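Work through the exercises below with the sequence and the 3D view open. Try each task before reading its solution.

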Amino acid sequence: MTYTICYGLIFLVEILISVFYFETKFDRKVSKKILYTALILMYIALYSSRLLNLTWVNVTSFFVCNFLLLFTCYQAKIKACIFHSGILLIMMSLTESIVMFASSMLFDVDLLACLDDSINLIIQSSISKIMYLLVIYIILKVSTKEYKSENNSLSIFLVILPISSVLLMYAISYALAKYKMEPKYFSLLLVGIVTLLISNIIVFWIYEFTLKTHKRNLELEIEREKERSNTEYYELLNQQNENTKIVIHDIKHHLNTIKNLIPKDNDSISNYIDNIIDDFGINNTIDYCNNVLVNLITNRYRKICEDSKIKFNIDIRNTQIDFMSEPDITALLDNLLENAVEATSKANVKFIDFSINKRKNNFLSIIITNSVKEKVKITDNLIISSKKSKGIHGVGLRSIKRVVEKYDGEMKMSFDENALTFTTSIIFRIP
């Protein structure tokens, strides 16, 4: 019975460490429900392979299970799946060998003697899994691209826990080898060892979760600051445009007055003044719809598209978006158009179709279709970014999703592989 519990615990810990590694290293592409199902199947497969009591079968099943878990549940190519599954296998085998060798040297016993004693087996297995977790965590920190840019000084102090746990377990092993313990204390001792092992995993997991949460909150704060800046920018731009219109209007009157004061036989001066009056309309912003803020945002990206030689097709005449606050309109449209321009600028054929239309008097649809250079991966209705630094890019998409959810809208993203176009469709029910 003790052996059954021991190996059940070992496989559980191995799976938890694998998930910890994959969750930190890769983007998940399936729901939590599917992931949990895969973990249960992985546990059953590992435990079943143990019944054969063949080392090569255990090793193979561990590698295959990790490979399938990574390939089916995370964004990883086959070569990456093979490499990282191999890393896990090598590190697990290495830590087990080191722990067994260290135990044989410390207690002067045969290298495989611990396998004949259920108590020693649990203790040595717990030590090896803690060492395995520590090695995997160090690999994660060293190999993570953002490691140097993040403040991970506390990670150094975090390793004190597994090291002290290992020393404590070795002390318990030494005490058991030198002194006899009453059987009634064994259960309490084993519970303490197992709790210590699980506690190490939980502490590391919580620490990484806290780091991710802090990073996400920082990105959200940056995005909120960007939204506030954009809102202020459009407010100033609108005020500037209004002031410009007033000044131009007054100048036109002044020029017409000057024109009337010029002798009628001086046509050259009159024509010159007429040309100046006509030229005042060149740089005026275009009113695409009846919403001032939407016009400002659209005109801004029209200018950006002109400079980038992107064809910008606009159809927003039937816009009724006044049920949204101005900061939310800015966050939604500015992020949508910014992402579209960024993706289109890399495409061979550059175009963006932007439309806002009222449908059946109760619904407002926002549709942006843009050309792209390569295939776009979409998971859980969000783009899987190919950028090296995809944090801020993801925050922009989450900002869009936040506005959509706030107004009970529906968003759908689709990719046309033949036309190499990406479409974002958003529908709101008009209150």
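The exercises cover ring pairs, a strand hairpin and a helix crossing. The model is predicted, so local features need pLDDT of at least 70 and side-chain atom pairs count only at pLDDT 80 or more, while totals for chains, interfaces and linings use all residues. Residues are numbered from 1 along each chain as its sequence is written, and side-chain values use heavy atoms, with hydrogens and water left out.

**Exercise 1.** Classify the aromatic pair of F11 and Y47, and state which helices it ties together.

Solution. Rings of Phe, Tyr and Trp (its six-membered ring) pair if their centres lie within 6.5 Å; planes under 30 degrees apart are stacked, over 60 edge-to-face, the rest tilted. The structure holds 13 such aromatic pairs. For F11 and Y47 the centres are 5.9 Å apart and the planes 80 degrees, which is edge-to-face. F11 belongs to helix α1 (residues 2–25) and Y47 to helix α2 (residues 32–51), so the pair ties together parts 36 residues apart in sequence. Helices (H or I, at least four residues) and strands (E, at least two) are DSSP runs, numbered from the N terminus.

Next, compare accessibility: buried means under 20% relative accessible area, exposed over 50%, partly exposed in between (1.4 Å probe, protein chains only). F11, at 8%, is buried; Y47, at 22%, is partly exposed.

**Exercise 2.** Describe β6 and its pairing with β7.

Solution. Start with the faces of β6: M411, M413 and F415 form the covered one, and E410, K412, S414 and D416 the uncovered one. Strand β7 (residues 421–429) pairs with β6 in the antiparallel sense over seven bridges; two strands pair if DSSP finds at least two bridges between them. D416 has T421 as its bridge partner in β7. Four residues lie between the strands of this hairpin, where L420 takes a positive phi near 50 degrees.

**Exercise 3.** Are α10 and α11 roughly parallel or roughly antiparallel?

Solution. The axes of helix α10 (residues 292–307) and α11 come within 10 Å and cross at roughly 15 degrees. Axes are lines fitted to C-alpha atoms, for helices over the stretch in contact, with angles from 0 to 180 degrees between N-to-C directions. That makes the two helices, α10 and α11, roughly parallel (under 35 degrees; over 145 is roughly antiparallel, 65 to 115 roughly perpendicular, the rest oblique).
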